Amino acid sequence: IDDWKLRLIDLTKRNKAIYFQLTKTSHLRITSPDMETTYGRLVSRGRSWEIQQPPQIKFGEAQPALRAPKNSEITLSWPDANQSEKVLKNLSRRSQSEYTERGVRVLYVTFGQLRWTEKDNPQEITSPLLLSPDELTRDSARESYQIKIPPVEDVVLINPALGLKLKYEYGLELPPLPEDEEQTPSSYLAMVQTLVEE
């Protein structure tokens with residue numbers, strides 16, 4: 001039965017939850033605020049973040065400076081200022097479509113990464129550690145996108161595919177999430193670092 005359960009989750013290189021690679025069209029990096037602040041508002045307090053989008057520029061114009069973000073805004077690293085709308089629209093549509101058609105959440109804010117190598121391959125692998133299932137929505141085309149945790153979901157979970165990979169192939173069990181609500185992502189990442197140091 002354990003073997004059957006293991007086969008239900010793809011632990012090969014096709015699984016992006018284990019073998020993560022940043023792409024220009026389906027991933028964005030939060031540049032501010034810092035991880036603790038982002039986690040505190042989104043996960044601990046259950047409040048949404050607005051996404052500050054860069055101003056659109058015309059061909060040949062220089063990129064104008066961004067205004068300082070509001071307390072309720074996050075800023076992201078954009079590969080191209082004019083692509084920001086396209087990337088957000090793509091993420092929003094795909095995540096809503098997957099949830100409507102299959103009941104599966106595919107959009108996550110991740111906190112922390114495990115960088116590691118396999119026994120027979122020296123190439124470094126990057127795997128997200130903490131996952132927060134999220135929705136990306138906006139009320140109209142003129143409004144900013146908002147990211148928030150859907151009300152019926154777990155607010156944060158340990159990457160299940162990575163947990164299985166480490167347990168069955170390396171005999172390592174990721175520490176459980178502490179039940180203390182004051183726990184921060186940094187303190188959890190420190191526990192993981194101690195576990196995998198060797």
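1. The model is a predicted one, in which local features need pLDDT of at least 70 and side-chain atom pairs count only at pLDDT 80 or more, whereas totals for chains, interfaces and linings use all residues. Residues are numbered from 1 along each chain as its sequence is written, and side-chain values use heavy atoms, with hydrogens and water left out.

2. Helix H3 covers residues 84–102, and its 19 residues reach 27 Å from the first C-alpha to the last, close to the 27 Å expected at 1.5 Å a residue (the expected span being 1.5 Å times one less than the number of residues; helices are DSSP runs of H or I with at least four residues and strands are runs of E with at least two, numbered from the N terminus). After H3 comes Gly 103, with a positive phi near 70 degrees.

3. The buried residues of H3 are Ser 84, Val 87, Leu 88, Leu 91, Ser 92, Ser 95 and Glu 98 (buried means under 20% relative accessible area, exposed over 50% and partly exposed in between, with a 1.4 Å probe and protein chains only). Because they cover an arc of only 140 degrees around the axis, they lie on the same side of H3 (the arc is that of the directions from the helix axis to the C-beta atoms). On the other side of H3, Lys 86, Arg 93, Arg 94, Thr 100 and Glu 101 are exposed. Strand E2 (49–52) and strand E6 (135–137) are included in what covers the buried residues.

4. An open sheet of three strands has the order E4-E5-E8 with antiparallel pairing (two strands pair if DSSP finds at least two bridges between them). Its edge strands, E4 (108–118) and E8 (157–158), each pair on one side only. E4 and E5 (residues 121–133) run antiparallel and are joined by nine bridges; Glu 118 has Asn 121 of E5 as its bridge partner, Tyr 108 stands opposite Pro 133 in E5, and a hairpin joins E4 to E5 through two residues.

5. Helix H5 (residues 185–196) lies across E4, E5 and E8, running at about 15 degrees to E4 (axes are lines fitted to C-alpha atoms, for helices over the stretch in contact, and angles run from 0 to 180 degrees between N-to-C directions). H2 and H5 pack at about 115 degrees with their axes 9 Å apart. Met 35, Glu 36 and Tyr 39 of H2 and Pro 185, Ser 186 and Leu 189 of H5 make the contact (heavy atoms within 4.5 Å).
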